[in-house]
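Subject: Structure handover

Hello,

Here is the structure I promised to pass on. Please open it first, then read the notes below it.

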Amino acid sequence: MKVYTKSGDKGRTSLIGGERVEKFDLRVEAYGCVDELMAFTALLADKLMGEEKFSTYEAQLRQIECQLMTVAALLAVGKGGKDKVAGLNCAATEELEKHIDAMQEQLPAITKFTIPGGDERISLCHVCRTICRRTERAAICAGASFEVDCNATTYLNRLSDYFYLLSRTLTQLTATEEIEWRP
């Protein structure tokens with residue numbers, strides 16, 4: 001089977017269920033943002049590979065990649081596709097919350113906004129965080145016109161918090177000075 005089908009050459013694509021839509025459809029934009037987030041999440045996990053002190057977070061990121069694939073599929077559902085994709089279980093969000101709480105317990109409280117930087121892995125957490133926020137906005141925008149699984153948007157909301165806490169955790173694990181915003 002060839003990778004290319006030529007069916008999208010005129011700016012249309014198929015959603016799950018067979019519905020043909022323009023490539024600028026809000027759902028296509030939303031799952032495209034998820035795709036970008038998955039790629040950067042994978043890159044972050046790759047940057048953490050091979051160091052024992054990061055192994056827990058690498059494993060969490062690999063699980064997040066799988067959850068994001070589910071989110072992308074949910075956003076790609078069109079007419080006739082609703083029963084073809086299993087919904088995102090709220091346990092996925094609860095798992096993120098456990099990870100966030102565990103990281104937060106180990107970190108000092110902050111009194112100022114922090115700015116990305118100091119280590120490539122920390123900055124990459126912030127790249128993931130900002131893409132995640134854009135992805136959440138795109139999913140919510142798609143949800144204003146089409147049915148979108150509310151567990152998917154909740155998951156994305158919590159995931160941006162996860163990436164922020166992971167950046168702070170990596171700051172601590174790498175003994176990097178946290179950069180505070182000083183207006």
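Below is what I found, going from the overall fold to single residues.

**Overall fold**

Keep in mind that this is a predicted model. The protein has 183 residues, and 43% of them count as buried. Its secondary structure comes to 5 helices and 4 strands. Along the sequence, these follow the pattern β-β-α-α-α-β-α-α-β. The C-alpha atoms fill a box of roughly 50 × 35 × 30 Å along the principal axes. Now look at contacts between residues at least 6 apart in sequence: 73% of them join residues at least 24 apart.

**Helices around α5**

Two packed helices are described by the angle between their axes and the distance between the axes. Helix α5 covers residues 150-173, and helix α2 covers residues 55-75. Their axes come within 12 Å and cross at roughly 160 degrees. An angle over 145 degrees counts as roughly antiparallel, so α2 is roughly antiparallel to α5. The crossing of α2 and α5 is left-handed. On the α2 side, the contact residues include Tyr57, Gln60, Leu61 and Ile64. On the α5 side they include Tyr155, Leu159, Tyr162 and Phe163.

Helix α3 also packs on α5. Here the angle is about 20 degrees and the axes are 9 Å apart. Angles under 35 degrees count as roughly parallel, so α3 is roughly parallel to α5. The crossing of α3 and α5 is left-handed too. From α3, the residues that meet α5 include Thr93, Leu96, His99 and Ile100. Their partners in α5 include Asn151, Tyr155, Arg158 and Tyr162.

Thr93 is found in helix α3. Is Thr93 buried or exposed? Its relative accessible area is 6%, so Thr93 is buried. Leaving aside neighbours within four places in sequence, Thr93 is in contact with Asn151, Thr154, Tyr155 and Arg158.

His99 is in helix α3 as well. With a relative accessible area of 17%, His99 is buried; the cut-off for buried is under 20%. Not counting residues up to four places away in sequence, His99 touches Gln60 and Tyr162. Gln60 is one of the α2 residues in contact with α5, and Tyr162 is one of the α5 residues that α3 meets.

**Aromatic rings**

How many aromatic pairs does a search of the whole structure find? It finds 2. One is Phe113 with Trp181: the ring centres are 5.9 Å apart and the planes are at 55 degrees, so this pair is tilted. The pair links distant parts of the chain, 68 residues apart. Phe113 is in the loop between α3 (90-105) and β3 (114-115). Trp181 is in the segment after β4 (179-180). Phe113 is exposed, at 61% relative accessible area. Trp181 counts as partly exposed, at 43%.

The other pair is Tyr162 with Phe163. Their ring centres are 5.8 Å apart and their planes are at 75 degrees, so the pair is edge-to-face. Tyr162 is buried, at 0% relative accessibility. Phe163 is also buried, at 0%. Both residues are on the α5 side of the contact with α2.

One more ring is worth a look. The charged end of Arg27 sits over the ring of Phe146, 3.6 Å from its centre.

**Two more residues**

Thr135 is in helix α4 (residues 120-145). Thr135 counts as buried, because its relative accessibility is 0%. Not counting residues up to four places away in sequence, Thr135 touches Ala30, Cys33, Val34, Leu37 and Leu156. Leu156 is one of the α5 residues in the contact with α2. Thr135 and Gly87 are 48 residues apart along the chain, and their C-alpha atoms are separated by 18 Å.

Finally, find Ala175. Ala175 lies in the loop between α5 and β4. Its phi is near 55 degrees, a positive value in a residue other than glycine. Ala175 is exposed, at 73% relative accessibility.

Best wishes

Terms used: Residues are numbered from 1 along each chain as its sequence is written. This is a predicted model: local features need pLDDT of at least 70, side-chain atom pairs count only at pLDDT 80 or more; totals for chains, interfaces and linings use all residues. Side-chain values use heavy atoms; hydrogens and water are left out. Rings of Phe, Tyr and Trp (its six-membered ring) pair if their centres lie within 6.5 Å; planes under 30 degrees apart count as stacked, over 60 as edge-to-face and the rest as tilted. Helices (H or I, at least four residues) and strands (E, at least two) are DSSP runs, numbered from the N terminus. Buried means under 20% relative accessible area, exposed over 50%, partly exposed in between (1.4 Å probe, protein chains only). A charge sits over a ring if NZ of Lys or CZ of Arg is within 6 Å of the ring centre and within 35 degrees of the ring normal. Axes are lines fitted to C-alpha atoms, for helices over the stretch in contact, and angles run from 0 to 180 degrees between N-to-C directions. Angles under 35 degrees count as roughly parallel, over 145 as roughly antiparallel, 65 to 115 as roughly perpendicular and the rest as oblique. A crossing is left-handed if the near helix is turned anticlockwise from the far one by less than a right angle, and right-handed if clockwise. Contact means heavy atoms within 4.5 Å.
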